[in-house]
Amino acid sequence: MAASKPVEAPGGGGTAGLSRWQLALVLGAPVLLGAGAIYLWGRRAARRGKGASERKTPEGRASPGPGGEGGSGQPDGPGHEEMSPLGRAQAAKNKGNKYFKAGKYELAIQCYTEAIRLCPPEKNLDLSTFYQNRAAAYEQLQKWTEVAQDCTKAVELNPKYVKALFRRAKAHEKLDNKKECLEDVTAVCILEAFQNQQSMLLADKVLKLLGKEKAKEKYKNREPLMPSPQFIKSYFSSFTDDIISQPLLKGEKSDEDKDKEGEASEVKENSGYLRAKQYMEEENYDKIISESTKEIEAKGKYMAEALLLRATFYLLIGNASAAKPDLDQVISMEDANVKLRANALIKRGSMFMQQQQPMLSTQDFNMAADIDPQNADVYHHRGQLKILLDQIEEAVEDFDECIRLRPNSALAQAQKCFALYRQAYTGSNALTVQAAMKGFEDVIKKFPKCAEGYALYAQALTDQQQFGKADEMYDKCIDLEPDNATTYVHKGLLQLQWKQDLDKGLELISKAIEIDNKCDFAYETMGTIEVQRGNLDKAIEMFNKAINLAKSEMEMAHLYSLCDAAYAQTEVAKKYGLKPPTL
């Protein structure tokens with residue numbers, strides 16, 4: 001079982017973690033990034049949100065409703081206020097509305113300006129409507145600075161004026177004021193209870209842009225960080241035809257060391273690569289890159305192996321740009337062991353997928369299958385890729401080939417079951433769902449010591465709301481792998497969905513961090529829960545810890561989005577006294 005989200009892990013090695021859609025299945029709801037609110041009980045919110053669509057009130061009118069958002073914007077009929085200052089202001093506004101509907105925006109602006117001039121200053125709601133209407137006309141002329149200024153006036157007069165806040169958010173987007181845009185659209189999302197698709201989409205868009213910008217700068221200057229030993233061992237355990245992860249051969253150790261049971265071995269040859277392998281056995285991972293480099297610089301007989309080993313650890317510390325030249329070189333070495341080249345292709349293909357380049361990833365996996373068709377690892381990892389690409393039938397075919405080549409591969413059989421379950425679930429086919437669930441039972445019966453089988457079965461059971469049995473499966477995982485932090489995170493999430501037991505959920509996630517203080521998934525999940533509890537400062541702290549542990553720029557961008565969303569909520573709370581619903 002992998003230590004984190006292995007589909008996204010360097011080289012695509014681990015197997016038990018969750019991609020985004022898998023996390024959604026575990027939570028039983030879509031993962032919503034609108035203002036950073038990931039709703040653990042989102043089934044109800046998702047159902048309510050199905051009807052949310054574009055705003056129905058036309059441009060140039062205030063949003064009606066109990067929130068005190070100004071007048072209706074409808075032309076006023078004749079009455080006793082007709083010649084009063086407010087009556088004259090309303091008449092000017094009504095005239096502006098007619099010009100607006102006719103597309104005569106400059107004339108509309110003149111009328112709204114007259115309405116603002118005539119309106120008594122104590123009539124805040126009416127005055128806010130006039131400013132918002134003028135902003136709408138400026139928007140049609142793409143005068144974004146004026147839009148923002150008028151919306152600001154409207155919001156100062158009516159702080160919960162949804163239409164003005166949203167219009168200002170769009171103006172800030174055009175002016176490339178992402179932080180200000182995010183704060184405004186966050187306020188809109190909260191006021192609308194996260195039900196309006198337009199504001200949710202804008203929030204998501206801005207969060208992604210901010211996340212990418214920040215991650216690009218941070219990732220470029222980050223200090224390389226070696227993952228935990230548990231993660232590294234879990235990563236290598238997903239390969240069986242990987243020469244560099246195999247133990248030192250007897251001929252590579254001195255006779256004296258063969259008799260030293262439990263002691264570190266001394267390699268017989270003066271080889272940087274063999275020393276690096278020895279350090280791997282000792283879990284002294286920080287020295288592997290430097291020892292591999294010595295072998296490469298000396299052009300030793302293990303040069304190809306050293307290149308692949310160094311590239312693998314570059315991937316593990318999140319330095320894909322350094323890994324790629326080494327992988328390229330191994331792949332191009334036609335006289336090298338074919339299994340080395342195939343392994344390099346698997347890892348480069350997984351790296352491309354992590355970088356959201358699926359075509360290049362697919363090319364590498366296909367090339368690996370061409371040059372080493374009997375390599376079970378190729379089909380195992382390509383199957384994972386196909387799941388991510390929603391090519392489920394092809395994924396199942398790859399897992400079947402992996403199982404044919406390696407009949408005792410519990411991992412491949414468990415992942416095949418999960419692929420079949422996902423296909424049945426998305427197709428809403430009760431009979432095939434039932435068959436897939438039975439497949440899990442068969443796998444854990446055949447391979448009772450495969451933690452992966454229990455973990456994936458637990459995910460499917462959670463989605464089927466069979467919470468008690470899912471909890472039992474996670475307990476089996478913990479019995480088999482007590483040092484796997486990810487399992488504790490998933491078990492914690494289960495407590496939240498099943499029993500709404502925040503204390504137990506947080507206790508389990510805290511246990512995950514105690515086991516592996518480099519488990520970014522645990523910090524991310526805890527941050528998400530703290531957002532839901534309304535503890536935004538604590539959430540930001542957790543997200544920042546996860547950011548520092550991120551293994552790819554893409555993962556870092558996602559975490560920055562969560563962190564920025566939480567921060568925006570703190571700013572909105574200060575400015576407008578608005579807070580989202582909490583658990």
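The expected span is 1.5 Å times one less than the number of residues, and helices are DSSP runs (H or I, at least four residues) numbered from the N terminus.

This is a predicted model, in which local features need pLDDT of at least 70 and side-chain atom pairs count only at pLDDT 80 or more, while totals for chains, interfaces and linings use all residues. Residues are numbered from 1 along each chain as its sequence is written, and side-chain values use heavy atoms, leaving out hydrogens and water.

Which residues of helix 15 are buried? They are Ala-320, Ala-323, Asp-326, Leu-327, Val-330 and Ile-331 (buried means under 20% relative accessible area, exposed over 50%, with a 1.4 Å probe and protein chains only). Seen down the axis, these buried residues fall within an arc of 135°, so they line one face of helix 15; the arc is that of the directions from the helix axis to the C-beta atoms. Ser-321 and Ser-332, on the other side, are exposed. The buried residues pack against helix 14 (303-316), helix 16 (338-354) and helix 17 (358-371), with contact meaning heavy atoms within 4.5 Å.

| Pair | Axes come within | Crossing angle |
|---|---|---|
| Helix 4 (residues 105-118) and helix 5 (residues 124-140) | 9 Å | roughly 160° |
| Helix 24 (residues 485-499) and helix 26 (residues 520-533) | 9 Å | roughly 20° |

Axes are lines fitted to C-alpha atoms over the stretch in contact, and angles run from 0 to 180 degrees between N-to-C directions. Helix 4 and helix 5 are therefore roughly antiparallel (over 145 degrees). Helix 24 is roughly parallel to helix 26 (under 35 degrees). Here Thr-486, Val-489, His-490, Leu-493 and Leu-496 of helix 24 meet Phe-521, Ala-522, Thr-525 and Ile-529 of helix 26.

Terms used
Helix = DSSP H or I, 4+ residues; strand = E, 2+ residues; numbered from the N terminus. Parallel < 35°, antiparallel > 145°, perpendicular 65-115°, else oblique.
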